[in-house]
Amino acid sequence: MYLNCHSYFSFKYGTLSPQELYNEARRCQVKKLVLTDINNTSGYIELLRICAENQHEHALRLALGIEFRSGTELLYIGIAESNAGFEELNRYLSRYNASTMPLLSRAPEFAHAYVIYPMGTVDASDLRENEFVGIKTDEVVKIARSAYRDYVHKLVIWHPVTFKNKTGYNVHRLIRAIGENVILSKLDKNLEARPNETMLPEPELLKYYWQYPQIISNSKTLLENCCIDFELGMSKNKETFSISHKEDHARLRSYALEGFQRRYEHYSSYAMQRLMRELDVIAERKFEAYFLISRDIVEFARHKNYAHVGRGSGANSMVAYCLGITEVDPIELDLYFERFLNPYRSSPPDFDIDFSWKERDEVIAYILNKYTTDHAVLLASFNTFQGRSIIRELGKVFGLPKSEIDKIADRPLEARQKDDLTRLIFKYADHLHDMPQNLSIHAGGILITEKPIYAYTATEIPPKGFPITHFDMYGAEDMGIHKYDILSQRGLGHIKDTVEMVAQTRGIKVDIGQTGKFKKDSKVNQLLMQGKCMGCFYIESPAMRMLLGKLDSNNYITLVAASSIIRPGVARSGMMREYIQRHHQPDNIRYIHPKMGELMKETYGVMVYQEDVIKVAHHFAGLDLAESDILRRGMSGKFRSRKEFKLVEHKFFDNCKERGYPEAIANEVWRQIESFSGYSFSKAHSASYAVESYQSLYLKAYYPLEFMVGVINNFGGFYHTEFYFHEARMAGATIEAPCVNTSTYLTKIIGKDIFVGFIHLKSLENKIGELISKEREKHGLYSGLENFIQRIPVGLEQVSVLIRIGAFRFTGKTKRTLLWEARLICSEKSRSGIL
């Protein structure tokens, strides 16, 4: 009879996680309920998975709906009769989210969904066949004295579930106050739930409605008529790129063989055999569309002359290399294909495709336009209550002054037991920890589905303008919708800008794709070994430069390893130190077990890459490839707490015991896996990063000034901008302050002179900085200060900024003189009404 259950995905309203909601249903022996979060569909996939995993403990069936609210006003509850009804509700909410219009006060005519209105908001005589009025427990006594007494057949039980107990009610009030940005004592009672919105055993709930058995039967019938059927884990991705699987198979094979001929002029039989084996596995798993869609995205970028880097485990694939999705040769690096794809893996492979931060949005727009926003959408993530931000939010709603909140947040251990109020803050901070508070956008995930996306979620339109789902990457994967990662980085931006600058200033066309040549270039490798990598993608931090020096890294293979062992987990486990020692003293290596030395000879028996987890789990501990991949994934994030991971963990130790390994060795191998795998890279990922690092190094070695300007103009990198100007000076450049007759909005190079861009002037308005060079290009150089002020709509304050930094030095006048002139000119301009 629970037709209106909230989870904590009713942001800043509900308090129950999906697991807690399930636990409450089990406690109360509730067999079926309706999850109806407020203007949201984020929580149902997790709850479906929990129900499926715990059928033997308590069989809970789930129906789905949405509680529609306009601001804080509850309008009605939509409950899906079927999957078609869920899609209807999602489409309706998505249309509202995409428009500026408020939700309709009266629900539209749904063909496959029920609607429940609060008592007193609608005339019972106007109700459609699928519409009802919800009666709360304390409203039963009102029926006899209202017009609803003649329409009992249109009434249903309405007992919302929002929290578990009194503590949950307090949490609810706190997050409502946070949401409304008011102190708790000022929170309007109409903006919070009633204290009794907890789950009761059904017999106890039905006692409130004993006088109206028809209300009970109405509710039972409605609930039984609602059924949702989702096969979790079964692929819901777009099934074909062309018109059929057969056509996709033929295309993929043709493109792969064509690329193979281009990539491998002199190839071995092993290379061709591996290509055929990969194509067979891809066909067997029906993943051709995934590869073809990824190739299409890359081809669009190539046509637009957008640089890209294909990375992630996808770079383990020779097919991906031949299609041009990645630039990493799996044969050269002996990459482990099973990390990318194996016959046991049910989910599609993982491609991360990086584009310049300036160009990624156009790539995303291409994907959404090609597949339409009915089928293509960006993936969401959740912003959750975390750490000190919880303390600050609770401090505000409890009415503490900012100075007091700062003291508590900055010294939590000292403040925890200070007084009753601070004890309350820390008590409820624990309840709020990890609770989602709003939707955000995933770093780069895009979903492309066969059915309309509304079959699975409603969508939101954040300020960026692209629609996003209501579930995150874990929900998408549980549902069987696997993402394409379209990411952005500034490293590609500075590489592209440098190449364009070199063509403009020197007339040299640099082919940045010649990574094979760059890897063998002694000048490039010398920079690498010396750690002179400032500005170079991924390898410019002090820690990385120190590591490269310790390894005497002067080649691509060592850089690939360094890119992974610099990660926090490897360093924390002590394996980075061990790797450096073994790198310099390979004859003194003592392997923890001969099998470990056999599996990881290339890395001196040290686990460096994610593939090493799979290798060790499969060949050392005897797990199958699917279990080994579960182990790899489970070492990080949400999957670690899942039952499937716990089963694999037990099997790892059981198998080690069966194989006769001493317990100490099994524990040490597990410790090594556990300590680093959550932070390590796949070898292919490291190799992809190393390719981009080599491209940066080549440009720095041969075109250092243009390269540093490229880095400065992309505003990325490990260091503040002034350090890159200093690096350019060290490379022979003369750094010139901005000049209105030479400089542009961004930093500019002329010969060996680098003119600082107007964008770097903190007190100068951006629009003035952009206009100066545009006006100059259109109407010629500025003849002097007065001419500049006449042509640019600038006031005394802004022109003074330019004078003080020397932007008018071409006039030959002192800054003091120019400031007096500016004051006179601007004063005259103001009197004449121009300013």
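**View 1. The largest cavity holds about 50 Å³ of space.** This is a predicted model, in which local features need pLDDT of at least 70 and side-chain atom pairs count only at pLDDT 80 or more, while totals for chains, interfaces and linings use all residues. Residues are numbered from 1 along each chain as its sequence is written, and side-chain values use heavy atoms, leaving out hydrogens and water. A cavity here is a set of points, on a 1 Å grid over the protein atoms alone, where a 1.4 Å probe fits but cannot get out; its volume is the space filled by probe spheres set on the points.

**View 2. Leu35, Asp37, Asn40, Thr41, Tyr44, Leu64, Gly65 and Phe86 line the largest cavity.** Lining residues have an atom within 4 Å of a point. Strands β2 (32–38) and β3 (61–70) each give two or more residues to this lining; strands are DSSP runs (E, at least two residues), numbered from the N terminus.

**View 3. Helix α4 covers residues 166–180.** Helices are DSSP runs of H or I, at least four residues.

**View 4. Asn165 caps the N-terminal end of α4.** One of its side-chain oxygens lies 3.2 Å from the backbone nitrogen of Thr167. Just after α4, look for Asn181, with a positive phi of about 60°.

Technical notes
Expected span 1.5 Å × (residues − 1). Polar contact = N/O pair within 3.5 Å; in protein donor to acceptor, adjacent residues only side chain to side chain. 1 Å grid on protein atoms, 1.4 Å probe; cavity = no way out; pocket = protein on both sides within 12 Å on 5 of 7 lines; lining within 4 Å.
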